[in-house]
Amino acid sequence: MPEGREVLLQGTIIYGNDFRAEKGYIAIRDGIITEFGREQVEADLEGIVCPRFVNAHVHLGDSAFKDPPFLPLSELVGPGGYKSRMLERTGRKMLIEGMRRSLHLMLSGGTYAFADFREGGATGVAMLNEALNGMPLLARTLGRPDPGQTRIPERCWGLGISSTRDHSPETIAAAVAQARRKSQAVGIHAGEAGRNDIESALALQPDFLVHMNRAEDADLRQVASRGIFVVVCPRSNLMTGVGLPPVAAMARLGINLAAGTDNVMISSPDMFEEMHLIANALLHDDRQVFKMCTLNGAKIVGLDRRLGSIREGKEGRVMVLDENSNNLWGSTDPLSSIVRRASRSDILAIL
C-alpha cells in the first residue's frame, strides 16, 4: 500500500476481539486500521472483512515429499524415521523450493504469520529464510539443537522440542535454560501418541504444548492451572491415527487454544481446512474456533497487540471474502460460514 494511501472496506466486518459481525466499514491508512464505522461509504471493496490467520504450528521443511505412506507415528516422524531419511536424501534446492511453494499456498489462503518447528539446525533455519525472501509473511521460527548439542540456532524466535522422549533430560533442560536466558519462547510436542511425555513436558514450564491428543483430565487441569497454551492439529492426527484431541474438554477448562496444520508432507498448510474439521467434529462454537485460528495464534507468537483481530490501531492484516460467491451466498451467519465452509476460492482480496 503506497504511503499515505487510505483503503476503505465495506460490508460485514468481523470486528473486535469477540468477532462480532457488524455491518459497516473500516479504514486502513499506511497499513494501520484507523477507523470503524457503521454508515455506508464509497468503498474500494465490499464483502466480508475478517482478520487473517495465524498458523500456530507447522513443519515446512518436509514440503518436498508430500503424502508419505501410512506408518505408525514413530516410524513416520520419529528419530531415524521416514521424514528424517527423506530430509537427508533430498537436496537443498528441492527442500527450499518445497518450502517456497508452501509459503505461497499459505499466503494465498489468508495466513499471515506462522510458527515453524525447524529441523536441520542452523542450516534448516537458513533454508527457511531463503525460501521466505521477499514474501509478506511473518515467520516465528522455533529451532532445535543439533543432536547432542544444546545451542539453539541463531535467528530463531524460540525453541521447538519434538518430544521429551527424543532427547536426554539433561540436553533438553540445558536447551530450555538457554532459551529462557535469551527470553525465547519454548514449545514442546506432548501427548501425541501417548501420555508418557506429558509430565516431563509440563515440568519444563513451556509456553505452549502441541497436540495433547492422549491427555487425560488430570493432565488438562494442570495445563489450565498453569495458563499454558495448547496448539491442536487434528487433520494431521487423523492421518497418523493417534486420535483427535479433546478440544471441547480443553475449552471447558478454559485452556488457551490455537490451531496449526503440522507437517506439510501430511496435510496442506490450509487454515480453512483445519478450521472446518475443528468446528464440525470437535467444538461447536464458531466464535471460539475462529479465535483459535486468529487471535489466539497471534497471542502464542507474541503478535496479538499488532494483529489477530480487527480493531483501531492494529495492523490491517485482513482478507475480504465474497459474500455472493456460490459457496457463501445464502449465509445466515457470516462468522459461522467463514468457520464451517469458506475456502481460499471465496477470497476477493488479501491486505
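Tutor: Helices (H or I, at least four residues) and strands (E, at least two) are DSSP runs, numbered from the N terminus. By that rule, helix H11 covers residues 286–293 and contains Phe290. The model is predicted, so to speak of a local feature a pLDDT of at least 70 is needed, side-chain atom pairs count only at pLDDT 80 or more, and totals for chains, interfaces and linings use all residues. Residues are numbered from 1 along each chain as its sequence is written, and side-chain values use heavy atoms, with hydrogens and water left out.

Student: How many helices and strands are in the protein chain?

Tutor: The protein chain has 13 helices and 15 strands.

Student: What radius of gyration does the protein chain have, and what would a compact globule have?

Tutor: The radius of gyration is taken over C-alpha atoms, and the globule rule is 2.2 Å times the number of residues to the power 0.38. For 351 residues a compact globule would come out near 20 Å, and the protein chain agrees because its value is 20 Å. The C-alpha trace spans about 60 × 45 × 40 Å along its principal axes.

Student: Is Phe290 buried or exposed?

Tutor: Buried means under 20% relative accessible area, exposed over 50%, and partly exposed in between (1.4 Å probe, protein chains only). Phe290 counts as buried because its relative accessibility is 0%. Of the 351 residues of the protein chain, 56% count as buried.

Student: Which residues does Phe290 touch, not counting residues up to four places away in sequence?

Tutor: Contact means heavy atoms within 4.5 Å. With residues up to four places away in sequence not counted, Phe290 touches Ile14, Phe19, Cys50, Pro51, Phe53, Met275, Leu335, Ile338 and Val339. Phe290 and Arg340 are 50 residues apart in sequence, while their C-alpha atoms are 9.8 Å apart. Across the protein chain, 67% of contacts between residues at least 6 apart in sequence join residues at least 24 apart.

Student: Which members of the largest nonpolar core touch the most other members?

Tutor: A nonpolar core is a set of buried Ala, Val, Leu, Ile, Met, Phe, Trp, Tyr and Cys residues joined through side-chain atoms within 4.5 Å. The largest one has 54 residues, and Leu209, Met212, Met275, Phe290 and Leu321 touch the most other members. Helix H10 (residues 271–282) supplies the largest share of this core, six residues. A second, separate core has 23 residues, among them Leu95, Met99, Leu103 and Met106.

Student: What is phi in Met212?

Tutor: Met212 is not a glycine, yet its phi is positive, about 60 degrees. Met212 sits in the loop between strand S10 (208–211) and helix H7 (217–226). Phe19 also has a positive phi, near 55 degrees, in a residue other than glycine, and lies in the loop between strand S1 (6–15) and strand S2 (20–29).

Student: Which side chain of opposite charge is nearest to Arg52?

Tutor: Lys and Arg count as positive and Asp and Glu as negative; His and the chain ends are not counted. A salt bridge is a side-chain nitrogen of Lys or Arg within 4 Å of a carboxyl oxygen of Asp or Glu. Arg52 is buried and has no salt bridge; the nearest side chain of opposite charge is Glu315, 8.3 Å away.

Student: Where does the side chain of Arg52 reach a backbone oxygen?

Tutor: The side chain of Arg52 reaches the backbone oxygen of Leu351 at 3.0 Å. A polar atom of the Arg52 side chain also lies 3.0 Å from the backbone oxygen of Thr111.

Key:
A polar contact is a pair of N or O atoms within 3.5 Å; within protein, one must be able to donate a hydrogen and the other to accept it, and residues adjacent in sequence count only if both atoms are side-chain atoms.
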